[in-house]
Amino acid sequence: MHVLSVSSLKGGVGKTTVTLGLASAAFARGVRTLVVDLDPQSDVSTGMDIQVAGRLNVADVLANPKEKVVRQAITSSGWAKVHPGTIDVMIGSPSAINFDGPHPSVRDVWKMEEALATIEADYDLVLIDCAPSLNALTRTAWAASDRVIVVTEPGLFSVAAADRALRAIEEIRRGLSPRLQPLGIVVNRVRPQSIEHQFRIKELRDMFGPLVLSPQLPERTSLQQAQGAAKPLHIWPGDSAQELAADFDALLDRVMRTGRIPAAGNPV
């Protein structure tokens, strides 16, 4: 089971959108996938069409990461009505903010790792949608992860935020989790015609080299539309949706190669 955190240290760059795009690509390919909604805004849970009534959630898991609690906090996404496949969600909750203090104990930092270890046989890929900060929730996610993908956009503060994230990943790798590595930086909401955007992407490449992943993701309304309708991007109609789906397929290829995730038998 390969665990990938999707992170940004700056709100509003489309981190959850990237999580949903990767989840859609994995589901279309038949990869057994769990999405952990660790952002207290819980937008991934909304975008993946889940029923929360009567279920536990990620806050319950952080309070008690035993297998029984973990399984009660996971439910199948409504996406599974589209075509067969395993696409589950560990349900998000605003109460997760109670676990997001600035100085987590070592015991607290390992709780998500402990929780995911109980269901390791069930999934090939886990995507964790992190909180947009460097407090306890993000550190808990990273301690449970093999790789981190850093989402940014081509703006003035993007280089500084990406640099801060990469330094923090290195700090966690040295101090807590030697297996943790950055997968790279995804540049989201790119307008190819914008001179400013081209300049900022060059700036990112000059500073981070091959850690800046291709393809960069263009600004498209189709992803927000699919998200609003709680449908996977890969079934959303229109050329722009299909172009974006192909970009997420390419990013997923990178994730699968890095994580040595076996190709699924029956891609859709």
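Axes in this tour are lines fitted to C-alpha atoms, for helices over the stretch in contact, and angles run from 0 to 180 degrees between N-to-C directions. Helices (H or I, at least four residues) and strands (E, at least two) are DSSP runs, numbered from the N terminus. The model is predicted, so local features need pLDDT of at least 70 and side-chain atom pairs count only at pLDDT 80 or more, while totals for chains, interfaces and linings use all residues. Residues are numbered from 1 along each chain as its sequence is written, and side-chain values use heavy atoms, with hydrogens and water left out.

**Helices H1 and H11**

Select residues 15-28, which form helix H1, together with residues 239-259, which form helix H11; their axes come within 9 Å and cross at roughly 80°. H1 is therefore roughly perpendicular to H11, a term that covers angles of 65 to 115 degrees, with those under 35 counted as roughly parallel, those over 145 as roughly antiparallel and the rest as oblique. On the H1 side the contact (heavy atoms within 4.5 Å) is made by Thr17, Val18, Gly21, Leu22, Ala25 and Ala26, and on the H11 side by Phe248, Asp249, Leu251 and Leu252. Sorted by class, this contact has seven nonpolar, two polar and one charged residues, where Ala, Val, Leu, Ile, Met, Phe, Trp, Tyr, Cys and Pro count as nonpolar, Asp, Glu, Lys and Arg as charged, and the others, Gly among them, as polar.

Next, select Gly12, Gly14, Lys15, Thr16 and Asp39, which lie nearest the centre of the largest pocket among its 15 lining residues. On a 1 Å grid over the protein atoms alone, a pocket is an open set of points with protein on both sides within 12 Å along at least five of seven lines, a cavity is a set where a 1.4 Å probe fits but cannot get out, and lining residues have an atom within 4 Å of a point. The volume of the largest pocket is about 190 Å³, a volume being the space filled by probe spheres set on grid points that are joined across faces, edges and corners. H1 gives the most to this lining, with three residues, and by class the lining has two nonpolar, eight polar and five charged residues.

There is one cavity of 30 Å³ or more, and about 40 Å³ of space lies in the largest cavity. To find it, select its lining residues, including Leu20, Trp79, Leu223 and Lys231; H1 and H10 are the elements that give two or more residues to this lining.

**The sheet**

Now show the strands, where an open sheet of seven has the order S3-S4-S2-S5-S1-S6-S7, with mixed pairing; two strands pair if DSSP finds at least two bridges between them. Strand S3 (74-76) and strand S7 (181-187) stand at the edges with a single partner strand each, so one side of each is left without a neighbour in the sheet. Neighbouring strands are turned by 25° against each other on average, direction ignored. Within the sheet, strand S2 (residues 33-37) and strand S4 (residues 87-90) run parallel and are joined by four bridges, and Val35 stands opposite Val89 in S4.

Most residues other than glycine have a negative phi, and most peptide bonds are trans. Select Arg189 in the loop between S7 and H9: this residue has a positive phi of about 60° although it is not a glycine. Then move to Pro215, in the loop between helix H9 (195-208) and helix H10 (221-228), where the peptide bond from Ser214 to Pro215 is cis, with omega near 0°.

Finish at Ser133, in the loop between strand S5 (125-129) and helix H7 (136-143), which touches Ser8, Leu9, Asp100 and Thr138, not counting residues up to four places away in sequence.
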